[in-house]
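The sequence and structure are shown first.

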Amino acid sequence: MTFTVVVPRAVAAPLAAALLAAASPFSARAADIAAGEQKAQACAACHGASGNSANPAVPSLAGQPAQFIATQLVMFREGQRKDAQMSPMAAGLTNTDLNNIAAYFAAQKLSPPKHSTTAANAEAGPRLTQQYNCTQCHGPGLLGQQHIPRLAGQQMEYLRTQLRGFKASTRFDMDGQMTSAAQALTEADIAVLADYLSGLK
Amino acid sequence: MANCAGSDQSHKGPARPGWAFVAVLLTAQAWAQTPPAAAPSWQQGRSAEQAKSTLHPFAPHLTGRASSELPLDKLKVPAGFKIEVWAEGVPEARSLALGDKGTVFVSNRNLTNVYAIVDNGGKREVKKLLTGMKTPNGIAFSKGTLYVAERHRITRYDGIENNLDAAPEAKVVIDNLDPSQQPGHFWKYLAMGPDGKLYFNVGAPGNIVLPNYNQATVQRVDPNTGILETVAHGVRNSVGMDWHPATKQLWFTNHARDWISDDLPNDTLHRLSRKNMHFGYPFCHQGDLPDPEYGKGRSCKEFDAPAAKLGPHIAPLGMRFYTGRMFPAEYRNSLFIAMHGSWNRSTKHGYNVMRVTVDGTGKVTGMKPFLEGFLTDDKGDPPMWGRPVDLLVMRDGAMLVSDDYNGIIYRISYKK
């Protein structure tokens with residue numbers, strides 16, 4: 001059966017114009033941290049000053065790898081990762097904006113939350129991060145690399161929500177890596193990991 | 001198998017076909033959420049010891065990177081050739097296609113766009129032509145029409161170069177190419193053959209798995225009739241195709257399986273001298289290496305051999321025979337191949353464009369690097385700062401090279 005399908009074009013004209021401007025050849029610029037700081041003012045309400053979140057459900061962005069931040073923002077903007085707060089925040093940003101914002105947050109110093117991991121979880125945590133191969137991609141110190149996020153010192157509730165989402169296959173996942181890795185986690189494992197990682201400096 | 005209960009129930013639903021259909025959908029959805037997710041396809045086939053391996057594929061910078069922050073001076077081409085940035089700000093630039101009026105079309109794989117780049121008096125403008133597509137990796141242009149291969153279908157856009165600011169409606173050439181939402185290699189390369197048919201790959205649904213009858217093939221569809229045929233079997237994943245300018249035979253690149261060893265098997269180059277050749281996957285790799293698992297009880301003699309071994313894990317993607325007149329005469333009909341890897345070996349190689357020479361009988365006579373310099377640290381993570389994906393011979397004879405890691409397109413030219 002042959003039928004005609006309309007493929008949506010760029011949705012809003014101003015957005016299209018903005019994207020086009022960003023995509024023009026020879027206009028791409030090296031990431032500009034000062035411009036990123038300017039744009040990141042809008043992020044502070046939830047993600048905290050300098051990207052250090054005080055809200056257990058909202059991730060800290062300070063000290064995250066730039067490629068991780070830029071990649072997630074693209075996915076929010078393009079609708080592949082969906083979130084009621086983040087999708088509209090990312091909608092109007094150009095690629096240059098995203099690179100600048102990513103460079104700004106990557107350059108900030110993380111002040112980990114005042115979180116004390118329980119003694120039992122501090123002992124079990126390293127064992128679980130080995131067992132579930134967390135360190136293979138997130139690095140030996142769980143500090144992240146390239147498009148892979150830093151986990152050490154992240155907000156606990158946020159970590160728990162993401163791990164539950166990966167296990168339920170509801171959290172966006174570009175290569176299926178985390179969805180697969182989270183399948184073997186029990187709810188108890190998730191609690192241990194979130195508590196351990198959040199307290200990790 | 002507990003999961004089968006779901007599909008059994010759908011047969012007991014109300015007799016009205018519409019409702020039965022809804023019931024099948026609902027149970028299929030419930031079923032889809034029950035089993036735990038499989039390992040990512042790039043990890044599939046690892047041995048127990050390899051489960052701790054830190055080797056992994058590299059993700060592109062999806063926002064693109066500015067050429068001003070990249071070590072362009074490391075790029076090396078043979079004497080007399082020159083390489084320059086032709087366009088940047090083309091995030092995740094994958095496949096390339098050339099329009100009759102000179103428009104360069106560029107596709108995405110992780111992102112969802114097809115771009116059109118036009119030359120406005122020396123100033124290049126990048127337009128987002130199509131958006132919201134599903135893995136639109138394959139693009140081909142022929143006689144005024146742009147064809148796009150998404151993971152599940154091929155569409156056509158007639159008279160596209162007259163409508164670059166308001167793309168015409170998509171017309172479906174063929175649909176339902178991905179009924180099982182296959183994991184693994186679901187993106188497609190697309191090329192227009194000299195026979196007027198569109199050629200594309202349907203990859204294997206994992207690293208090393210038994211494909212179904214439709215997978216691990218090269219297929220072609222006649223855009224006028226929608227008739228689909230398989231032309232090659234046993235092809236794990238081909239993401240580059242072209243026809244020899246003199247013999248008109250189809251040549252294509254192929255990615256062999258991972259996780260055997262650093263040095264085996266080789267990725268391969270193939271020549272299709274007759275329809276329905278079988279190149280061995282998953283039973284035999286590189287023409288002479290039986291698979292440790294699927295090769296048991298089989299022989300590589302059952303299958304057709306590749307035209308050349310290209311190197312282990314080197315990930316050959318786009319390939320073009322050089323038909324232009326700008327490069328020296330000995331380059332005519334040479335084959336250029338973009339190497340996107342390697343990631344699945346402890347010491348990295350590749351990340352270059354190779355030149356392969358082929359004699360009149362279709363025999364590969366030599367192979368040497370043409371463009372190098374992206375690979376800067378063979379033990380690094382990442383080891384490279386750019387990755388060639390596809391090639392395009394322009395009307396003036398210059399060659400474009402796309403780089404999805406940075407969203408940049410380079411131009412290689414020659415002057416005596």
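This is a predicted model: local features need pLDDT of at least 70, side-chain atom pairs count only at pLDDT 80 or more; totals for chains, interfaces and linings use all residues.

Helix 7 of chain A covers residues 119-131, 13 residues in total. From first to last C-alpha this helix reaches 19 Å, close to the 18 Å expected at 1.5 Å a residue.

The helix has a kink of about 30° at Gly125(A), shortly before the proline Pro126(A). After helix 7 of chain A comes Asn133(A), with a positive phi near 60°.

## Packing of helix 7 with helix 11

Helix 11 of chain A comprises residues 187-199, and its axis comes within 9 Å of the axis of helix 7 of chain A. The two axes cross at roughly 105°, which means that helix 7 of chain A is roughly perpendicular to helix 11 of chain A.

On the side of helix 7 of chain A, the contact is made by Asn121(A), Ala122(A), Ala124(A), Gly125(A) and Leu128(A). Helix 11 of chain A contributes Asp189(A), Val192(A), Leu193(A), Asp195(A) and Tyr196(A). By class, this contact has six nonpolar, two polar and two charged residues.

## Packing of helix 4 with helix 6

Helix 4 (residues 66-78) and helix 6 (residues 95-107) of chain A pack with their axes 8 Å apart, at an angle of about 140°. Helix 4 of chain A is therefore oblique to helix 6 of chain A. The crossing of these two helices is right-handed.

Helix 4 of chain A supplies Ala66(A), Ile69(A), Ala70(A), Leu73(A) and Val74(A) to the contact. Among the residues of helix 6 of chain A that take part are Leu98(A), Asn99(A), Ile101(A) and Phe105(A). The contact has 11 nonpolar residues, one polar residue and no charged residues.

Terms used. Residues are numbered from 1 along each chain as its sequence is written. Chains are lettered from A and ligands numbered from 1 in the order in which they are written. Helices (H or I, at least four residues) and strands (E, at least two) are DSSP runs, numbered from the N terminus. The expected span of a helix is 1.5 Å times one less than its number of residues. The bend at a residue is the angle between axes fitted to the seven residues ending there and the seven starting there. Axes are lines fitted to C-alpha atoms, for helices over the stretch in contact, and angles run from 0 to 180 degrees between N-to-C directions. Angles under 35 degrees count as roughly parallel, over 145 as roughly antiparallel, 65 to 115 as roughly perpendicular and the rest as oblique. Two residues are in contact if their C-beta atoms, placed from the backbone, lie within 7 Å. Ala, Val, Leu, Ile, Met, Phe, Trp, Tyr, Cys and Pro count as nonpolar, Asp, Glu, Lys and Arg as charged, and the others, Gly among them, as polar. A crossing is left-handed if the near helix is turned anticlockwise from the far one by less than a right angle, and right-handed if clockwise.
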